[in-house]
Structures are given as C-alpha cells and as structure tokens.
Amino acid sequence: MTVPKNVMVQVADKLADLYTQPFGGKPKGRFRIAAKLVRQLAGRRRLYDDDVRELTRAMTERGYVMIDMDGFFVVMSSNTFVNYRRANEDCLR
C-alpha cells in the first residue's frame, strides 16, 4: 500500500515543475504566483503559517527558495544566491 504524499509536498512538486516550464516570455526560471493560486493548488481556503513553513521547506529540499510576499510568493533557484557577494566584518565597520 502506498502512502499518499502530503498536500504541501504535492504543491511543491507542481511549483518546482512550473519553474522549468516556459511562460511569461521566458523559457524557464524565477516566477511569482498569487497566494490565491497556491491555495487552489493545495485545495485550501486558507494557508496558515504552518502550511507556508511546510511548503517553504519542501521547496528548499527541491533546490528552490520560496519567499512569502503576503499576497504572492516568489520562487527562485537556490543556485541564484551562490555567487552573491559576501558581507564580512570589514565591510560592517
């Protein structure tokens, strides 16, 4: 008997897949998605803090960063941040 995937894991799979799909004039890549659409994907009327935390964790496990911007979410590849410049003690003085 197979155990069904958690709802937020299923939503994370869909969002990760969406990252690789062409839309909005781009072949793939970062995107924003309305909270309303994420609720629809999850089949929920509301997303609670625990839901968002669980979804964010599932996205991280897939190599993506999901940022909650209140009315929408931003999805980016974790690799985007690898080459950012690093702040150190010297630049904080």
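Helices (H or I, at least four residues) and strands (E, at least two) are DSSP runs, numbered from the N terminus. Here are some notes to read alongside the model.

1. Ground rules. This is a predicted model, in which local features need pLDDT of at least 70 and side-chain atom pairs count only at pLDDT 80 or more, while totals for chains, interfaces and linings use all residues. Residues are numbered from 1 along each chain as its sequence is written, and side-chain values use heavy atoms, with hydrogens and water left out.

2. A charged residue to look at. Asp 51 is found in helix H3. Buried means under 20% relative accessible area, exposed over 50%, and partly exposed in between (1.4 Å probe, protein chains only). Asp 51 counts as buried because its relative accessibility is 10%. Contact means heavy atoms within 4.5 Å. Leaving aside neighbours within four places in sequence, Asp 51 is in contact with Met 8, Arg 44 and Arg 46.

3. The sheet. Two strands pair if DSSP finds at least two bridges between them. Three strands form an open sheet in the order E1-E3-E2, with antiparallel pairing. E1 and E2 are the edge strands, each pairing on one side only. From one strand to the next, the twist averages 25°. E1 and E3 are joined over four bridges in the antiparallel sense, and Ala 34 stands opposite Phe 72 in E3.

4. The hairpin. E2 and E3 pair in the antiparallel sense over five bridges, and Asp 68 stands opposite Phe 73 in E3. These two strands form a hairpin with three residues between them, and Asp 70 in the turn has a positive phi of about 75°.

5. Helices against the sheet. Axes are lines fitted to C-alpha atoms, for helices over the stretch in contact, and angles run from 0 to 180 degrees between N-to-C directions. H2 lies across E1 and E3, running at about 70° to E1.

6. The core. A nonpolar core is a set of buried Ala, Val, Leu, Ile, Met, Phe, Trp, Tyr and Cys residues joined through side-chain atoms within 4.5 Å. The largest one here has 19 residues, of which Leu 15, Leu 55, Met 59, Met 66, Phe 73 and Val 75 touch the most other members. Two or more residues come from each of helix H1 (7-19), strand E1 (31-34), helix H2 (35-42), helix H3 (49-61), strand E2 (64-68) and strand E3 (72-77). H1 gives the most, with six residues. Not counting residues up to four places away in sequence, Leu 15 touches Phe 31, Ile 33, Leu 41, Leu 55, Met 59 and Met 66.

7. Aromatic pairs. Rings of Phe, Tyr and Trp (its six-membered ring) pair if their centres lie within 6.5 Å; planes under 30 degrees apart count as stacked, over 60 as edge-to-face and the rest as tilted. The structure holds three such pairs. The Tyr 19 and Tyr 64 rings have centres 4.8 Å apart and planes at 55°, so this pair is tilted. Tyr 19 lies in helix H1 and Tyr 64 in strand E2, so the pair ties together parts that are 45 residues apart in sequence. Both Tyr 19 and Tyr 64 are buried. Phe 23 and Phe 31 form an edge-to-face pair, 5.9 Å centre to centre with 70° between the planes. Phe 23 is partly exposed, with a relative accessible area of 38%, whereas Phe 31 counts as buried at 6%.
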